Amino acid sequence: MIDGRLYEQLLEFAETTNRALSTVGGEGNHVEVEQGSRSSAIRTLEQGVLLTASNSPVLRLSARFVGQWSNNGEFMAIEHSSIKVLPVTTEDLTAHGLAPENKPSAEPVVRIDYERNPRAVPASHINIHSHHPWLQWIQTLGHPKSRSVKNAPRTEALHFPTGGHRFRPSLEDVIEALVDDFKLDIAPGGRATLHQQRASFRERQLAPAVGDDPETAARALRRLGYVVTRKPYITPPDRRGDRLEAL
Amino acid sequence: MTTIPITTVTVDDLRTEKSRLEERAGMAFEDLVEAADQGTLSREQVDILFQLESVVEMLRIEE
């Protein structure tokens, strides 16, 4: 059983996630949470959240975040996250009085993933599901290629990096981009909620980013007029080159 | 304010949930992943796989 402080963190994260989803999915509970002895998962309900434009179904959005408690038990670090944008279901269309000529595809539109300890892919990346004939032509060339390019011309095999460990996109970024591009229905005050939560996400990311490279952060603060000195009895933290250089 | 329920799970609970989801999908997790790469899953299987991935990710940490 986790202690009260971690439980509060988990609950706050779940509520924040639900609030972001509610801006486009309507009031109610859009997520379920499981808590283990060392990890937790927050995920949307099975079919994800229905996104509408002018009250017509347009897309579905699924999200999940799997976290692990830090070794000192003070905070939860995200180990994996995945945000997936999908076509609506046949049931969504019929429920809205729409009769699709073709059954909606089961293939996602786009997927935005993060892996804290990635193998062979960028830590934060986006997979766009599409086909491009030029990629098919590249496949015919004889030069060595990554496994991803060998799997092209499906672009979802390619993992485009999106900001590394610290500057990855948030759920709020994805939701607002979809609202703008697809003119999705959004709750009154929804944008303000997304903006506020995005700012909080970036503040949370900034603190560990400073920890990755404190000397650069201190120089930047001095340029802004702050007096920044390290207490002489504090051992200088190591620059986290692994985090700064990681794809 | 919506109250989000938090369910406490053990490794055994996660294993049971994995089996239940695999049974519903009609395929083991590894086969679902491979079929997803090939784009041959039904929509229901796609949604189940998304849930299953979080269960497997938790199991890897918990075990």
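Predicted model: local features only at pLDDT ≥ 70, side-chain atom pairs only at ≥ 80, totals over all residues.
Colleague: Where does A:Ser54 lie?

Modeller: In a loop of chain A, the one between β3 and β4. A:Ser54 counts as exposed because its relative accessible area is 64%.

Colleague: Now the inside. Why look for groups of nonpolar side chains?

Modeller: The general idea is that nonpolar side chains tend to be buried together in soluble globular proteins. In this model, the largest nonpolar core has 35 residues. The ones with the most contacts inside this core are A:Leu51, A:Leu61, A:Leu171, A:Ile175 and A:Leu178.

Colleague: Which elements give two or more residues to this core?

Modeller: They are α1 (4–25), β1 (31–35), β3 (49–53), β4 (56–69), β5 (76–87), β6 (110–115) and α5 (171–182), all of chain A. The most comes from α1(A), which supplies 8 residues.

Colleague: What does A:Leu171 touch, leaving out residues up to four places away in sequence?

Modeller: A:Leu171 touches A:Thr17, A:Ala20, A:Leu21, A:Leu61, A:Ala63, A:Phe65 and A:Ile83. There is also a second, separate core of 21 residues, which includes A:Ala41 and A:Val66 along with B:Met58 and B:Leu59.

Colleague: Which side chains make polar contacts with the side chain of A:Gln197?

Modeller: One is the side chain of A:Arg19, at 2.8 Å. Another is the side chain of A:Glu172, also at 2.8 Å. If you leave out residues up to four places away in sequence, A:Gln197 touches A:Thr16, A:Arg19, A:Ala20 and A:Glu172.

Colleague: Let's zoom out. How many helices and strands does chain A have?

Modeller: Chain A has 8 helices and 8 strands. Its C-alpha atoms fill a box of roughly 70 × 55 × 40 Å along the principal axes. Of its 247 residues, 45% are buried.

Colleague: What about the charges of chain A?

Modeller: There are 30 positive and 30 negative side chains in chain A, and the centres of these two sets lie 7 Å apart. As for its accessible surface, that comes to about 13,700 Å², with 54% belonging to carbon and sulfur atoms.

Colleague: What pattern does chain B follow along the sequence?

Modeller: Chain B reads β-α-α-α, with 3 helices and 1 strand. Its C-alpha atoms fill a box of roughly 40 × 35 × 20 Å along the principal axes, and 48% of its 63 residues are buried. The charges of chain B are 6 positive and 15 negative, with mean positions 3 Å apart. Chain B exposes about 3,400 Å², of which carbon and sulfur atoms supply 48%.

Terms used
Residues numbered from 1 in each chain as written. Chains lettered and ligands numbered in written order. Heavy atoms only, no water. Polar contact = N/O pair within 3.5 Å; in protein donor to acceptor, adjacent residues only side chain to side chain. Contact = heavy atoms within 4.5 Å. Helix = DSSP H or I, 4+ residues; strand = E, 2+ residues; numbered from the N terminus. Buried < 20%, exposed > 50% of the residue type's maximum accessible area, 1.4 Å probe, protein only. Areas by Shrake-Rupley, 256 points an atom, 1.4 Å probe, with all protein chains shown as cover. Lys, Arg positive; Asp, Glu negative; His and termini not counted. Charge placed at Lys NZ, Arg CZ, Asp CG, Glu CD. Core = buried A, V, L, I, M, F, W, Y, C linked by side-chain atoms within 4.5 Å.
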